[in-house]
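Me: Hey, I'm new to this one and could use a quick tour. Can you walk me through it?

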Amino acid sequence: MTALILLAGGYGRRTSLDVPKQFVKINGRTILEHTLGKVSGVEGIDEIIVVSNPEFLSLTKSITRRFPKVMAVTAGGVTRNESIYKGFLKVPEAEEKVIIHDAVRPFTPRWIFARIIKLLDDKDVVTTVNPITGNLIELDGEFVGTIHDRKRFAIGEAPTGYRYEALKRTLEHALEGDILNVVPHDVELAMKAGFRVHALFCNCFNLKITFKEDIEIARALLGGKDEADGFRHYSDL
């Protein structure tokens with residue numbers, strides 16, 4: 001059994017819009033709905049917990065009602081990690097695996113989720129990465145300092161999957177050390193808790209909608225329709 005925690009608690013300050021980016025509508029549906037359509041279609045995901053921006057909790061509950069796999073909607077915290085913790089509190093102990101994903105990533109291929117679920121049969125933590133295609137430059141103030149070998153690095157993405165007990169221990173360790181809201185990412189929390197994190201290369205289009213320009217890219221790509229989840233995913237073609 002696998003649960004997915006979908007993080008929809010952001011405020012979207014970098015887009016400078018009136019509403020958080022997960023509630024921006026594209027072709028009549030919010031970005032949250034597009035992402036829910038994608039993850040709901042993953043056969044191995046049994047239930048979904050949506051972690052909402054507290055100020056938009058009622059709206060989130062209204063949006064998620066038509067997605068049968070959504071079993072809970074809860075208010076998020078002040079940081080990403082705190083939102084993960086609040087979402088985890090809603091995950092039944094019977095679940096064996098937990099996947100964490102961003103509500104503003106509607107293009108993540110379904111095979112990524114399926115592959116993570118499979119890898120968690122014998123790995124504690126699996127996170128998605130993408131290769132770096134440009135130069136990796138370390139700055140020296142306003143100047144180029146060092147150009148690193150990009151083969152040794154990757155871009156951190158989502159989703160990330162955990163065995164249930166691994167995520168439980170990761171969060172407990174963070175709370176015990178009072179670092180839940182200090183360390184910026186759950187993957188680093190897992191490493192600090194003693195877990196080796198397996199990197200799964202996506203090599204795929206996995207846009208996280210962050211800026212206004214990203215919304216226009218998403219608008220251009222979410223134009224088609226299909227029966228699977230209401231829109232065409234070019235990343236699945």
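This is a predicted model: local features need pLDDT of at least 70, side-chain atom pairs count only at pLDDT 80 or more; totals for chains, interfaces and linings use all residues.

Me: Okay, sheet then. What order do the strands come in?

Reply: The order is β5-β4-β1-β6-β10-β7-β11, in an open sheet of 7 strands with mixed pairing. From one strand to the next, the twist averages 25°.

Me: Which strands stand at the edges?

Reply: β5 and β11 (197-201) do. Each has a single partner strand, so one side of each is left without a neighbour in the sheet.

Me: And what holds paired strands together, in general?

Reply: Backbone hydrogen bonds, with the strands running either parallel or antiparallel.

Me: In which sense do β7 and β10 pair?

Reply: Antiparallel, over 6 bridges, with β7 covering residues 125-131 and β10 covering residues 154-163. If you want a spot to look at, find Asn-130, which stands opposite Ile-155 in β10.

Me: Got it. Which strands does α3 lie across?

Reply: α3 lies across β1 (2-8), β4, β5 and β6 (97-102), and runs at about 140° to β1. Then there's α2, which lies across β4 (47-52) and β5. The angle between α2 and β5 is about 170°.

Me: Switching topic: how many salt bridges are there?

Reply: The count comes to 9. Glu-33 with Arg-66 is one of them, and the closest N and O atoms there are 3.6 Å apart.

Me: Where do Glu-33 and Arg-66 lie?

Reply: Glu-33 is in helix α1 (residues 31-40), while Arg-66 is in the loop between α2 (57-64) and β5 (70-75). They are 33 residues apart in sequence, so the pair ties together separate parts of the chain.

Me: Is Glu-33 buried or exposed?

Reply: Buried, because its relative accessible area is 11%, and the cut-off for buried is under 20%. Arg-66 is partly exposed at 49%.

Me: What about Asp-186, which residue does its side chain meet in a salt bridge?

Reply: Arg-80, at 2.7 Å from N to O. Asp-186 sits in helix α6 (residues 186-192) and Arg-80 in helix α3 (residues 80-88), so this pair links distant parts of the chain, 106 residues apart.

Me: How accessible is Asp-186?

Reply: Asp-186 has 2% relative accessibility, so it counts as buried. Arg-80 has 24%, and counts as partly exposed.

Me: Which residues are linked with Arg-80 and Asp-186 in a network?

Reply: Asp-102, Arg-105 and Glu-157 join Arg-80 and Asp-186 in that network of salt bridges.

Me: Give me another pair. Which residue does Arg-169 bridge to?

Reply: To Glu-176, with the closest N and O atoms 3.5 Å apart. Arg-169 is partly exposed at 31% relative accessible area, and Glu-176 counts as exposed at 59%.

Me: Last topic, the surface. Which residues form the nonpolar patch?

Reply: Ile-137, Leu-139, Val-144 and Ile-147. Together they have about 390 Å² of accessible area.

Me: Which strands supply the residues of the patch?

Reply: β8 (136-140) and β9 (143-148) each supply at least two of the patch residues. Val-144, for instance, is in strand β9.

Me: And why does Val-144 count as exposed?

Reply: Because its relative accessibility is 53%, and exposed means over 50%.

Technical notes. Residues are numbered from 1 along each chain as its sequence is written. Side-chain values use heavy atoms; hydrogens and water are left out. A salt bridge is a side-chain nitrogen of Lys or Arg within 4 Å of a carboxyl oxygen of Asp or Glu. Helices (H or I, at least four residues) and strands (E, at least two) are DSSP runs, numbered from the N terminus. Buried means under 20% relative accessible area, exposed over 50%, partly exposed in between (1.4 Å probe, protein chains only). Two strands pair if DSSP finds at least two bridges between them. Axes are lines fitted to C-alpha atoms, for helices over the stretch in contact, and angles run from 0 to 180 degrees between N-to-C directions. Contact means heavy atoms within 4.5 Å. Patches are made of residues with over 30% relative accessible area and no salt bridge: like charges are joined within 9 Å, nonpolar side chains (Val, Leu, Ile, Met, Phe, Trp, Tyr) within 5 Å. Accessible areas come from the Shrake-Rupley method with a 1.4 Å probe; for residues, only the protein chains shown count as cover.
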